[in-house]
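I am opening a notebook on a structure that is new to me. I will look things up one at a time and write down what I find.

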Amino acid sequence: MTDLAPSPCTCLRVRKLARRVSQIYDQALEDYRLTITQFGLLNQLRRHDGIAIGALAEELVMDPTTLTRNLRPLEKRGLMVFAPDPADRRSRCLHLTDKGRQTFRDAHPGWQAAQALVERRLGGTETKALNAALDHLLERLAP
């Protein structure tokens with residue numbers, strides 16, 4: 001007989017929630033040929049021009065190889081570039097192009113629509129509480 005009790009795995013729940021929320025944002029950004037991951041990367045590059053791959057990976061709690069793989073489609077579309085780090089020629093820095101800045105600006109209303117939809121579905125109070133809890137838990141689980 002199959003056990004129908006919910007899984008006690010916290011990771012499973014967090015990943016399912018992340019996929020569900022990502023689907024909402026991805027759908028809202030589809031017309032701009034971006035995923036929420038790509039939109040988020042454009043936003044990070046907009047905020048941190050010239051950031052090194054390792055530093056961005058650390059900020060995003062992401063493996064540098066996975067980050068590079070996620071950046072490649074943006075590079076191919078001319079939205080960002082990899083450039084040698086002037087302080088360490090072995091490292092590469094990331095820069096948003098003018099086309100990348102414009103793509104971010106164009107797609108921002110799609111992101112805002114997704115954000116509003118998530119907030120409506122969760123409720124304003126619950127959204128604020130969720131965001132505060134997530135920030136707190138990210139700190140507590142940091143190495």
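**Entry 1: a glutamine to start with**

In which helix does Gln38 lie? I looked it up: Gln38 lies in helix H2, which covers residues 36-47. I keep in mind that this is a predicted model. Next I checked the cover on this residue. Gln38 has 14% relative accessibility, so it counts as buried, the limit being under 20%. Then I looked for a partner from another part of the chain. I found Pro73, which is 35 residues from Gln38 in sequence. The C-alpha atoms of Gln38 and Pro73 are 8.6 Å apart in space.

Is Leu45 buried or exposed? I find it buried, because its relative accessible area is 1%. From the C-alpha of Leu45 to that of Leu56 I read 8.7 Å. Along the chain these two leucines are eleven residues apart.

**Entry 2: the overall plan**

I stepped back to see the whole protein. I count six helices and two strands. The C-alpha trace spans about 60 × 35 × 35 Å along its principal axes. The protein has 143 residues, and 27% of them count as buried.

**Entry 3: helix H1 and its charges**

I turned to helix H1, residues 10-29. Lys16 has its place there. Which residues form a positive surface patch? I noted Arg13, Arg15, Lys16, Arg19 and Arg20.

Ser22 is in helix H1 too. I recorded 27% relative accessibility for Ser22, so it counts as partly exposed. Ala114 is 92 residues away from Ser22 along the chain. Their C-alpha atoms are separated by 9.5 Å.

**Entry 4: salt bridges**

How many salt bridges does a search of the whole structure find? It finds one. The pair is Arg72 and Glu75. I read 2.9 Å between their closest N and O atoms. The limit for a salt bridge is 4 Å, so this pair qualifies.

Where do the two partners lie? Both are in helix H4, residues 64-76. They are three residues apart, about one turn of the helix. Arg72 is partly exposed, because its relative accessible area is 32%. Glu75 has 29% relative accessibility, so it is partly exposed too.

**Entry 5: cysteines**

I searched for disulfides and found zero. Cys11 is in no disulfide, and the nearest cysteine sulfur is that of Cys9, 5.2 Å away. As a reminder to myself, a disulfide is a covalent bond between the sulfur atoms of two cysteines.

Cys11 is partly exposed, because its relative accessibility is 45%. Cys93 has a relative accessible area of 6%, so I list it as buried. I find Cys93 in strand S2, residues 88-96. Which distance separates the C-alpha atoms of Cys93 and Ile51? I noted 5.3 Å in space. In sequence these two residues are 42 residues apart.

**Entry 6: backbone angles**

I ended with phi. Most residues other than glycine have a negative phi. I found positive values to note down.

Phi of Arg33 is near 60°, a positive value in a residue other than glycine. Where does Arg33 lie? It is in the loop between H1 and H2. Arg33 counts as exposed, because its relative accessibility is 60%.

Val61 has a positive phi of about 55°, although it is not a glycine. I place Val61 in the loop between helix H3 (53-60) and H4. Is Val61 buried or exposed? It is exposed, because its relative accessible area is 70%.

Note on methods
Residues numbered from 1 in each chain as written. Predicted model: local features only at pLDDT ≥ 70, side-chain atom pairs only at ≥ 80, totals over all residues. Heavy atoms only, no water. Patch = residues over 30% accessible without salt bridge, like charges linked within 9 Å, V, L, I, M, F, W, Y side chains within 5 Å. Areas by Shrake-Rupley, 256 points an atom, 1.4 Å probe, with all protein chains shown as cover. Salt bridge = Lys/Arg side-chain N within 4 Å of Asp/Glu carboxyl O. Lys, Arg positive; Asp, Glu negative; His and termini not counted. Charge placed at Lys NZ, Arg CZ, Asp CG, Glu CD. Helix = DSSP H or I, 4+ residues; strand = E, 2+ residues; numbered from the N terminus. Disulfide = S-S within 2.5 Å. Buried < 20%, exposed > 50% of the residue type's maximum accessible area, 1.4 Å probe, protein only.
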